[in-house]
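Thank you all for coming; I would like to walk slowly through one model today, so please have a look at the chain before I go on.

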Amino acid sequence: MPTSGSAPTTREPLSRPRVIAAAVALADREGLEGISMRRVGRELGVEAMSLYRYVSSKDDLIDAMVDQVIGEFPAPDEALDWNERLRTLVLGAYLVLLDHGWAASPATSRPSAGPARLSYVDAILGALLDGGCSHQLAHDALHGIDSHVFGFTLQEFRLESGVSGRGYELDAIVAGGDPEVYPNIARVIGDAHHDRDQEFVFVLDVLISGIERAIAGSPRTI
């Protein structure tokens, strides 16, 4: 029995948002491979079977985890010009994915798209259409932007070693690449350094410049 004057201990009730939040925190620490119903249940102090009241399966859980991460992406700032709005949306998404590197793979490989993902896509398309893209150009540009946001982050998450401030390219050379056989790789890697954020922004700006040129070079059509 609780002693006189002491407050009874209460456990926060389970809910779908609480289950998803615990799973995201676990994946942030251990990666997606650390996710199982048993492990998430242990994080919450319950048996795995208790989770099935809130998520129907592990697939449902992972889909919800991804959508929660994407829900952290910034909302569009309608006061900005379309190209700056697009740049801000994409940079914001990139920064969120850096905090949840595991999310890039399921975000690009799973067939379902949750409400947060749909809102993000809608915001990107809205910026492109406001800039004068035809429907086809907006469609094509969206795929390029999506590939950059998720593909770049996935590559960094999987491959970046960070040795001496450089990326995985240096490891490939050290591991057996012969400078006499691959002289151009050796020349570039010898002088260049790997700056993840600078590289992301550089390619993003190239994409936006290309979209601007495509808008200017073709009449707006449906």
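**A residue and its neighbours**

Let me begin with T153, which, leaving aside residues up to four places away in sequence, touches Y94, L97, L98, A104 and H148. This is a predicted model, and in it T153 belongs to helix 7, which covers residues 135–159. Is T153 buried or exposed? Its relative accessible area is 2%, and because the cut-off for buried is under 20%, T153 counts as buried.

Next, I turn to a pair of helices. Helix 4, residues 82–99, and helix 6, residues 115–130, have axes that come within 8 Å and cross at roughly 155°, and the two helices are therefore roughly antiparallel to each other. The crossing in which helix 4 passes helix 6 is left-handed. On the helix 4 side the contact is made by W82, R85, L86, L89, V90 and A93, and these meet residues of helix 6 including Y120, I124 and L128. Sorted by class, this contact has 10 nonpolar, 1 polar and 2 charged residues.

Helix 2, residues 37–44, has M37, R39, V40, G41 and L44 as its buried residues, and these pack against helix 1 (16–30) and helix 3 (58–70). After helix 2 comes G45, with a positive phi near 75°.

Finally, a word on confidence: the mean pLDDT of the chain is 86, with 84% of its residues at 70 or more, but over residues 161–167 pLDDT stays under 50. Where pLDDT is low, the predicted coordinates should not be read in detail.

Conventions. Residues are numbered from 1 along each chain as its sequence is written. This is a predicted model: local features need pLDDT of at least 70, side-chain atom pairs count only at pLDDT 80 or more; totals for chains, interfaces and linings use all residues. Side-chain values use heavy atoms; hydrogens and water are left out. pLDDT is the predictor's confidence in each residue, from 0 to 100. Contact means heavy atoms within 4.5 Å. Buried means under 20% relative accessible area, exposed over 50%, partly exposed in between (1.4 Å probe, protein chains only). Helices (H or I, at least four residues) and strands (E, at least two) are DSSP runs, numbered from the N terminus. Axes are lines fitted to C-alpha atoms, for helices over the stretch in contact, and angles run from 0 to 180 degrees between N-to-C directions. Angles under 35 degrees count as roughly parallel, over 145 as roughly antiparallel, 65 to 115 as roughly perpendicular and the rest as oblique. A crossing is left-handed if the near helix is turned anticlockwise from the far one by less than a right angle, and right-handed if clockwise. Ala, Val, Leu, Ile, Met, Phe, Trp, Tyr, Cys and Pro count as nonpolar, Asp, Glu, Lys and Arg as charged, and the others, Gly among them, as polar.
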